[in-house]
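Please open the structure in your viewer and keep the selection panel at hand.

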Amino acid sequence: MTSVSVESLEAIHPWRFAAQAAAGEIAQVQYLMVHGLWTPQRAMACAAAHDRDQAVDVLASLGYRLGHGRVPAGGKSWAMVQGIRRRIGYLWREIRTVAEAMDERTTLTGDDIAMLTGLNNPRLIGGAA
């Protein structure tokens, strides 16, 4: 699980944090699909309820409403946040690069990830994956 601090959340939009929380589960399903390993049972095993619950709690503490199984008034559902699936496909090379580096080093900073992938690293206080 990725740790989060109040300072880091002040530097990014809360919905981006929610999308980050959903990305791991989606990336796991994408991996299964790309490698012909997808089955409904394996896809269900990818569920990251702890990431979803953390996103719900963190967003609630900031006044944002994130629902599981429903769209709360003035908010979004977890399924809406998971709609980033297409973006995951577009960034699959970068995701694999970062995953391989994390397997070797355990901890990466945003600057490390930007250097490995060539992606922009917006300033974020206290961020590490």
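Two residues are in contact when heavy atoms lie within 4.5 Å. In this predicted model, residues 24 or more positions apart account for 54% of the contacts with a separation of 6 or more.

**The whole chain.** Begin with a cartoon view of the protein, which displays eight helices and two strands. Followed from the N terminus, the elements run α-α-α-α-β-β-α-α-α-α. Colouring by relative accessibility then shows that 31% of the 129 residues count as buried.

**The aromatic pair.** A pair of aromatic rings is described by the distance of the centres and the angle of the planes. A search of the whole structure returns one such pair. Select Trp-15 and Tyr-64: the ring centres are 5.8 Å apart and the planes stand at 90 degrees, so the arrangement is edge-to-face. The two residues are 49 residues apart and link distant parts of the chain, with Trp-15 in helix H2 (residues 14–34) and Tyr-64 in the loop between helix H4 (49–61) and strand S1 (66–67).

Are these two residues buried or exposed? Trp-15 has 16% relative accessibility and counts as buried, because the cut-off is under 20%. Tyr-64, with a relative accessible area of 28%, is partly exposed.

**H2 against H4.** Next, display helices H2 and H4 together. Their axes are 9 Å apart and the helices pack at an angle of about 170 degrees; H2 and H4 are therefore roughly antiparallel. On the H2 side, select Pro-14, Trp-15, Phe-17, Ala-18 and Ala-21, which meet Asp-51, Gln-54, Ala-55, Val-58 and Leu-59 of H4. Trp-15 thus belongs both to the aromatic pair and to this helix contact.

**H2 against H7.** The axes of H2 and H7 come within 12 Å and cross at roughly 105 degrees, which means that the helices are roughly perpendicular. Ala-27, Gln-30, Tyr-31 and Val-34 of H2 make the contact with Trp-92, Ile-95 and Arg-96 of H7.

Definitions and conventions:
Residues numbered from 1 in each chain as written. Predicted model: local features only at pLDDT ≥ 70, side-chain atom pairs only at ≥ 80, totals over all residues. Heavy atoms only, no water. Phe/Tyr/Trp six-rings, centres within 6.5 Å; stacked < 30°, edge-to-face > 60°. Helix = DSSP H or I, 4+ residues; strand = E, 2+ residues; numbered from the N terminus. Buried < 20%, exposed > 50% of the residue type's maximum accessible area, 1.4 Å probe, protein only. Axes fitted to C-alpha atoms, helices over the stretch in contact; angles between N-to-C directions. Parallel < 35°, antiparallel > 145°, perpendicular 65-115°, else oblique.
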